[in-house]
Amino acid sequence: MNLYGSLSTQHSSWPVLLVIYNLPPWLCMKRKYMMFSIRISGLRQPGNDTDVYLSSLIEDLTKLWDEGVSVFDGFRNETFDLCVMFFCTINDFPAYRNLSGYNVKGHCACPIHEEDTSYIQLKHGRKIVYTRHRRFLKPYHPYRRLKKAFNGSQEYGSVLISLIGQQVF
């Protein structure tokens, strides 16, 4: 997150938001139901020290999971025990590596496709470039036939794992 609107700024800021997910979908992503809990800022990304920044938040969430906290409900005019559950994280790949320990660099960097990740290693820079993203398009999409705009080849492949956005139980 860039606070100053300039891509050349030597500053890093990582907001940590808590969202109430047991509300209806049209409410849970509204600003008034999000809690800005922590902002990790500095000259660089937190890297392996992310757990140090999140430790106090994790302690609070653990207490809310194990014991709960007595809170007052103004509508019903009574108290109840509030408990929470940590559901998921939404983050970029560097944070994904720091939070989960998954290797997001190298030949098998995609957490979904792993060994089937398509890549090319550049000769002179030794950088890895991930390819074949056009296989996620519909079979007759015009970009699949474009050679010049991509790596000089057409894309005929298909996706091995269907990414349709449905939960599987």
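Trainee: How many helices and strands does the secondary structure come to?
Mentor: The model is a predicted one, and its secondary structure comes to three helices and six strands. Read from the N terminus on, the elements run β-α-β-α-β-β-α-β-β.

Trainee: What is the mean pLDDT of the protein?
Mentor: The mean pLDDT is 80, and 85% of the residues reach 70 or more. Where pLDDT is low, the predicted coordinates should not be read in detail.

Trainee: Which elements have the lowest and the highest mean pLDDT?
Mentor: Among the elements, α3 has the lowest mean value, at 74, whereas β3 has the highest, at 92.

Trainee: And how much of the protein counts as buried?
Mentor: Of its 169 residues, 15% count as buried, and the accessible surface comes to about 14,100 Å², with 57% of that area belonging to carbon and sulfur atoms. As for contacts between residues at least 6 apart in sequence, 27% of them join residues at least 24 apart.

Trainee: Changing topic, what volume does the largest pocket have?
Mentor: The volume of the largest pocket is about 1,400 Å³. Its lining is made up of 36 residues, and Leu17, Leu18, Val19, Phe86 and Cys88 are the ones that lie nearest its centre. The elements that give two or more residues to this lining are β1 (12-19), β2 (34-42), α2 (50-66) and α3 (93-100).

Trainee: Which element gives the largest share of that lining?
Mentor: That is α2, from which eight residues of the lining come.

Trainee: How do the lining residues divide into nonpolar, polar and charged?
Mentor: The lining of the largest pocket holds 29 nonpolar residues, six polar ones and one charged one.

Trainee: Is Asn77 buried or exposed, and why?
Mentor: Asn77 counts as exposed because its relative accessible area is 60%, and the cut-off for that class is over 50%.

Trainee: What is the phi of Arg132?
Mentor: Arg132 has a positive phi of about 65 degrees, although it is not a glycine. This residue lies in the segment after β6 (128-130), and it is classed as partly exposed because its relative accessible area is 33%.

Trainee: Where is His133, and how exposed is it?
Mentor: His133 is also placed in the segment after β6, and its relative accessible area of 53% makes it exposed. The C-alpha atoms of His133 and Val159 are separated by 9.5 Å, with the two residues 26 apart along the chain.

Trainee: Staying in that segment, is Arg144 buried or exposed?
Mentor: Arg144 lies in the segment after β6 and is buried, because its relative accessible area is 6%, where the cut-off for buried is under 20%.

Trainee: What is Arg144 in contact with, apart from its neighbours within four places in sequence?
Mentor: With those neighbours left aside, Arg144 is in contact with Arg134, Arg135, Phe136, Leu137, Lys138, Pro139, Gln154, Glu155, Tyr156 and Gly157.

Trainee: Last one, where is the place of Ala109?
Mentor: Ala109 has its place in the loop between α3 and β5 (119-121), and it is buried, with a relative accessible area of 4%. Leaving aside its neighbours within four places in sequence, Ala109 is in contact with Phe93, Tyr102, Asn103, Val104, Thr117 and Tyr130. The C-alpha atoms of Ala109 and Tyr119, 10 residues apart along the chain, are separated by 9.6 Å.

Definitions and conventions: Residues are numbered from 1 along each chain as its sequence is written. This is a predicted model: local features need pLDDT of at least 70, side-chain atom pairs count only at pLDDT 80 or more; totals for chains, interfaces and linings use all residues. Side-chain values use heavy atoms; hydrogens and water are left out. Buried means under 20% relative accessible area, exposed over 50%, partly exposed in between (1.4 Å probe, protein chains only). Helices (H or I, at least four residues) and strands (E, at least two) are DSSP runs, numbered from the N terminus. On a 1 Å grid over the protein atoms alone, a cavity is a set of points where a 1.4 Å probe fits but cannot get out, and a pocket is an open set with protein on both sides within 12 Å along at least five of seven lines; lining residues have an atom within 4 Å of a point. Grid points are joined across faces, edges and corners, and a volume is the space filled by probe spheres set on the points. Ala, Val, Leu, Ile, Met, Phe, Trp, Tyr, Cys and Pro count as nonpolar, Asp, Glu, Lys and Arg as charged, and the others, Gly among them, as polar. Contact means heavy atoms within 4.5 Å. Accessible areas come from the Shrake-Rupley method with a 1.4 Å probe; for residues, only the protein chains shown count as cover. pLDDT is the predictor's confidence in each residue, from 0 to 100.
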